[in-house]
Amino acid sequence: MSFTQDAALTVDPQTGSPRWTGWVSWVADGDTLLVLPDQAQEAVKLRIQNIDAPERCQPGGDASRDALIDLVHRKTVQVIPHGTDTYGRVLGRVEIDGRDVGAEMVASGMAWAYSFRASAGPYAVLQRQARRQKKGLFAQTQPMTPKVFRQFHGSCQTP
């Protein structure tokens, strides 16, 4: 059974988007976590939409993961799913107490705002502010985006 069949889905009254609530059981890195949906038996691997956090083996990777742990680990979150990524993870917006977790990660300098071909993405302004204030990853002289890091060094994942 998929999580959408197990989880108690509701509809966000403002956006009309489906939404579910769950408990964060594990944080893999600064943009990936496991969430156990209410009334479900199995956790869902979720990638926070619109951000890109450093790889765990990359400078700042552990700090980014620690920041996300501080925000959400062992806490109840609301998830607005937006499909799945190429790795089968649910993509979605994650909120805790009405706060956008992706926005908080970017604003604190613990993740990059994901940019799209035609758009800078919804968190671009927050990233510019974090960079200007030299917060988190942007305290480094030349922080490397995860995409560029993977091109030079590959993924941290071992087969």
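**Contacts of Met105**

I began with Met105, which, leaving aside its neighbours within four places in sequence, is in contact with Gly30, Ile51, Ser64, Ala67, Leu68, Leu71, Met110 and Ala111 (contact means heavy atoms within 4.5 Å). I note that this is a predicted model, in which local features need pLDDT of at least 70 and side-chain atom pairs count only at pLDDT 80 or more, while totals for chains, interfaces and linings use all residues. Residues are numbered from 1 along each chain as its sequence is written, and side-chain values use heavy atoms, with hydrogens and water left out.

**The core**

I then looked up the largest nonpolar core, which has 27 residues, and found Met105 listed with Leu33, Val72 and Val101 as those with the most contacts inside it. Such a core is a set of buried Ala, Val, Leu, Ile, Met, Phe, Trp, Tyr and Cys residues joined through side-chain atoms within 4.5 Å, where buried means under 20% relative accessible area with a 1.4 Å probe and protein chains only. At least two residues of this core come from each of β2 (18–29), β3 (32–37), β4 (44–48), α2 (61–72), β6 (76–84), β7 (90–96) and α3 (101–107); helices (H or I, at least four residues) and strands (E, at least two) are DSSP runs, numbered from the N terminus.

**Helix α2**

Which residues of α2 are buried? I list Gly61, Ser64, Arg65, Ala67, Leu68, Leu71 and Val72. Seen down the axis of α2, these buried residues fall within an arc of 155 degrees, so they line one face of the helix; the arc is that of the directions from the helix axis to the C-beta atoms. Just after α2, Arg74 takes a positive phi of about 65 degrees.

**Partners of β2**

I followed β2 next, where two strands count as paired if DSSP finds at least two bridges between them. Strand β1 (residues 10–11) is joined to β2 by 2 bridges in the antiparallel sense, with Thr10 opposite Arg19. The pairing of β2 with β6 is also antiparallel, over 4 bridges, and there Trp20 stands opposite Val79. Between β2 and β3, which run antiparallel, I found 6 bridges; Trp26 stands opposite Leu34, and the two strands form a hairpin with 2 residues between them.

**Whole protein**

Finally, I noted 5 helices and 9 strands, and that buried residues make up 44% of the 159 residues.

Technical notes:
Buried means under 20% relative accessible area, exposed over 50%, partly exposed in between (1.4 Å probe, protein chains only).
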